[in-house]
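Subject: Structure handover

Hello,

Here is the structure I said I would pass on. My notes on what was found in it follow below.

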Amino acid sequence: MFIVIAAAAPLAAMVFTVPLSFSLGIGPGVPVMFAFAGLTLLCFTSGYAAISREISGSGGFYSHIAHGLGRRPAVGSGLIAVVSYNAVTIGVLGAFAYFTQSVAADHGLHLHWAGWAAAGLLFVGTMGYRDAELSARVLAVLMVCEIVILLALDLSILIRHGFAALPGASFSPHSMLAPGIGVSVMFAFASFIGFESASLYGEEAKNPGRSVPRATVIAVLVVSAFYAFTSWVTVGAVGPARVQQEAMHHLGDLYFGLGDSYLGPAATTVMQLLLCTSLLASWLALHNAANRYMYALGGDRVLPGWLHRVHPRHASVHRASLVQTAISSGVVLVYAAAGLDPYVNMSTSMVGLGTLGVIVLQALASVAVLGYFRHRPRHWWNTAVAPVLGAVGLIIATVLVVRNFGVLTGTSNPVVTSLPWVLVGAWVIGFAQAWRMCVVAPHRYQRLGRTSGEPAAALGPVTTGSSPVSDAEADSPGGWERTPTA
């Protein structure tokens, strides 16, 4: 649960995303959009939790889609996951380096952003190399601190203004349906990125069938209630009629200004420091998610097989962690050498690409739940109605993100606005790779998307033109490299 909530970076979302949603979206109606996103993701979570009880492993969406929609769509989706989580990890790295440099400079410590990036890479790389339990303990401390400071701000506003801090104007039809509703919906869904990563720790959890669904549901409830309540109190503190204009004028300083007014300058300094740790915590959680997708796809030979190794002492996915750290380090070196800005040039575009990819995966996972339970005992809500509602809401969010990609990334540069095609390319490459594997190495194809200890036939037989491949053949070591006879 701590890993999942930390990935969503509550404090960073409040400081960066909410003011943009106020200024470019529907102003005082923003709290309703967080509630809408939360309800949609609760519908998604109902089906996600149901399938997570049946399928536990390190494959996350990749395994779920393999069981619900088939192996070929799953490999395409798996490559989308690798691209998306690596992209958003790099994006959060850039934001951490940029804002840590700024906060440190305000307090007399001047260090180039690449230096802060290197320090963060050392910390995140070390945590990722170790087991998930250590990361969870570190993230728990950081996450509790950032939520406490924001709750202190909420409470101070409520004490000063009373019930006037919860204005009914936020829920009026005029506010909820104002121009810019699509932008606010987009930012609301973007603020939840990372909450779905609990299933990636299925192989490391003591009781994944119980803990993974519980962690996911709790994370959605906590994050959605927290976002909606804090943004609602912010509307009350600033005023429904003024919040859009104030947010447009202050943007990233909006919450720091409120901290000065309601908690004092010392608390604002603490908030600035916790903003840096919030980004660091989100970076670590997303780094771990990217690692586990590379680990799972390495096990199925979609990516190099040597990625599918665990550390003999820490039982961590250490090789995938080292690769992700190397990728991030390479990107930092390129941007630093070129003299590019880590936030404007790196963070916004990478976070935008990763956000879109994860929302697409959530929509596909909702449809996969319907496919998986089509011929199995099903619950009318958890495995039928809720996944449909979740899929509809997530498809709407996907369309809104694509249409407003320039707003999400903060640029109209044609290179950046064309980035969604990278996800299309990843899916096509994965689909083609699975198709070729089915023809050339059907025994390897039979293993795609399987979880630990699961028989190959769980995903259905594979016909190669002669006869289906049996479980015994698929599980035999020699069967991995065999090719079909003509």
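Of the 25 residues of helix α3, 19 are buried, so this helix is largely enclosed by the rest of the structure. Buried here means under 20% relative accessible area, exposed means over 50%, and partly exposed is in between (1.4 Å probe, protein chains only). Helices (H or I, at least four residues) and strands (E, at least two) are DSSP runs, numbered from the N terminus. Helix α3 covers residues 30–54 and reaches 36 Å from its first C-alpha to its last, close to the 36 Å expected at 1.5 Å a residue. That expected span is 1.5 Å times one less than the number of residues in the helix.

Before the rest, two remarks on the source. This is a predicted model, in which local features need pLDDT of at least 70 and side-chain atom pairs count only at pLDDT 80 or more, while totals for chains, interfaces and linings use all residues. Residues are numbered from 1 along each chain as its sequence is written, and side-chain values use heavy atoms, with hydrogens and water left out.

Overall form

The protein has 21 helices and zero strands. Its radius of gyration is 23 Å, close to the 23 Å that the globule rule gives for 486 residues, so the protein is as compact as a globular protein of that length. The radius is taken over C-alpha atoms, and the rule is 2.2 Å times the number of residues to the power 0.38. Along the principal axes, the C-alpha trace spans about 75 × 50 × 45 Å. Of the 486 residues, 57% count as buried. Among contacts (heavy atoms within 4.5 Å) with a separation of 6 or more, 81% are between residues 24 or more positions apart.

Cores

A nonpolar core is a set of buried Ala, Val, Leu, Ile, Met, Phe, Trp, Tyr and Cys residues joined through side-chain atoms within 4.5 Å. The largest one has 140 residues, and those with the most contacts inside it are Phe22, Phe61, Tyr85, Tyr227, Tyr255 and Leu279. Helix α5 (residues 71–106) gives the most to this core, with 16 residues. Apart from this core lies another, of six residues, including Ala50, Ile51, Val369 and Phe373. Leu279 touches Ala12, Phe16, Val92, Ala95, Phe96 and Phe99, when residues up to four places away in sequence are not counted.

Aromatic pairs

The structure holds 18 aromatic pairs. Rings of Phe, Tyr and Trp (its six-membered ring) pair if their centres lie within 6.5 Å; planes under 30 degrees apart count as stacked, over 60 as edge-to-face and the rest as tilted. Phe44 and Phe61 form an edge-to-face pair, 6.3 Å centre to centre and with 65° between the planes. Phe44 lies in α3 and Phe61 in α4 (residues 61–69), so the pair ties together parts that are 17 residues apart in sequence. Both Phe44 and Phe61 are buried. Tyr85 and Tyr293 form a stacked pair, with 5.3 Å between centres and 25° between planes. Tyr85 is in α5 and Tyr293 in α13 (residues 265–299), so this pair ties together parts that are 208 residues apart in sequence. Tyr85 and Tyr293 are both buried. Ring pairs also link Phe16, Tyr98, Phe99 and Tyr343 into a cluster.

In helix α12 (residues 254–262), the buried residues are Leu254, Tyr255, Phe256, Leu258, Gly259 and Tyr262. Their cover includes α2 (10–24), α7 (132–161), α10 (208–238), α11 (243–250) and α13. After α12 comes Gly264, with a positive phi near 105°. After α10 comes Gly239, whose phi is also positive, near 110°.

Ser347 sits in helix α15 (residues 342–372) and is buried, with a relative accessible area of 3%. Leaving aside neighbours within four places in sequence, Ser347 is in contact with Gly91, Gly94, Ala95 and Pro342. Ala336, in helix α14 (residues 318–338), is partly exposed at 28% relative accessible area. Leaving aside neighbours within four places in sequence, Ala336 is in contact with Trp113 and Ala114.

Regards
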